[in-house]
Amino acid sequence: MVTVRTPITPYILDSFTTLFRGRGDVYGAWNGGCVRKSLNSDTFLGHLQGDELIGVYPLVPYKSSWYCVWGCTDIDVDDLDSARNIQMAFAVKGITAWVEKTRRGYHVWVFADSLIPASTMRRAFLAAHQAVNYPAKEVNPKQESAGSGYGNYVRLPYPNAIEGRYDERFILKDNDEPMDLHSFVSEALQHRTSERELDAIANLWKPPQRTHAIRAELS
């Protein structure tokens, strides 16, 4: 366990909120389930202080469609090399991605500099998975449209960061050491990605070919 005590300054809180904002009328409970309360700065502060750990629903209804400002893929096993490969697939296209150490594996995050279509973000991640030939088992947003629901939420990194107990859910530096919260939010804000850049990689995604079973007719 690494201990790096981090005071939650207004800058850190505003930056963290900007990066991980999502649907504003609900958020995810840490142990499962939907909390039908407002997602706001106080909610994010509670997460960072360890008062109430949360997840965020990425899909935001906007102009009769669905948008988001971040995407995330979940590698639910201890396979850092594959997480780094996906990160590199984005880097080849000029997109900064961030690898988070989770309890059981890794998340790879990309942050947009504005609301972008959820379809663009999802397909960009699917294309990155295809580029490195790694199965896309849990790409978020999991849907391009939430319909009448909320979609799925993702638990946020840096739970209880004020205590600095970086034993799970923190962003990794290039040397695989924990990145402190202040450094992460500062760098992530500076390296957000435009819709144009994400479109370029999203357009490379090739939907899997459907196969149809052929039944032999019995005579």
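Okay, let's start with a term: a residue is buried when its relative accessible area is under 20%, exposed when over 50%, and partly exposed in between, using a 1.4 Å probe and protein chains only. Arg84, for instance, counts as buried at 15% relative accessibility.

Before I go on, a word on where this comes from. This is a predicted model, so to speak of local features we need pLDDT of at least 70, side-chain atom pairs count only at pLDDT 80 or more, and totals for chains, interfaces and linings use all residues. Residues are numbered from 1 along each chain as its sequence is written, and side-chain values use heavy atoms, with hydrogens and water left out.

When I say helix or strand, I mean DSSP runs, numbered from the N terminus: helices (H or I) have at least four residues, strands (E) at least two.

How many does the structure hold? Six. I'll walk you through some of them.

Back to Arg84: its partner is Asp176, with the closest N and O atoms 2.7 Å apart. That pair links distant parts of the chain, 92 residues apart: Arg84 sits in helix H3 (residues 80–92), Asp176 in the loop between strand E12 (170–171) and helix H5 (181–190).

Next, Arg169 and Glu100. Their closest N and O atoms are 3.8 Å apart. Here too distant parts of the chain are linked, 69 residues apart, with Glu100 in strand E7 (residues 98–101) and Arg169 in the loop between strand E11 (165–166) and E12. Buried or exposed, these two? Both are buried.

Then there's Arg123 with Glu144, at 2.8 Å from N to O. Arg123 is in helix H4 (residues 118–132), and Glu144 is 21 residues away, in the loop between strand E9 (139–140) and strand E10 (154–155). Arg123 is partly exposed at 33% relative accessibility, and Glu144 is partly exposed too, at 31%.

Let's stay with E7, the strand that carries Glu100. For pairing, DSSP has to find at least two bridges between two strands. E7 pairs with strand E8 (residues 106–117) in the antiparallel sense, over four bridges, and a hairpin of four residues joins the two. Look at Trp98 in your viewer: it stands opposite Trp109 in E8. E7 also runs antiparallel to E12, joined by two bridges, and there Lys101 stands opposite Phe170.

There's also an open sheet of four strands, in the order E3-E2-E4-E10, with antiparallel pairing. Which strands are at the edges? Strand E3 (34–35) and E10, each pairing on one side only. Inside that sheet, E2 and E4 pair over two bridges, with Ala29 opposite Ile54 in E4.

Last stop, helix H2 (residues 41–49). Its buried residues are Thr43, Phe44, Gly46, His47 and Leu48. What do they pack against? Helix H1 (10–20), strand E2 (27–29), strand E4 (54–56) and H5, where contact means heavy atoms within 4.5 Å. At the start of H2, a side-chain oxygen of Asn40 reaches to within 3.0 Å of the backbone nitrogen of Asp42. And just after H2, Gly50 takes a positive phi of about 85°.

That's my tour, thanks.

Definitions and conventions
Salt bridge = Lys/Arg side-chain N within 4 Å of Asp/Glu carboxyl O. Polar contact = N/O pair within 3.5 Å; in protein donor to acceptor, adjacent residues only side chain to side chain.
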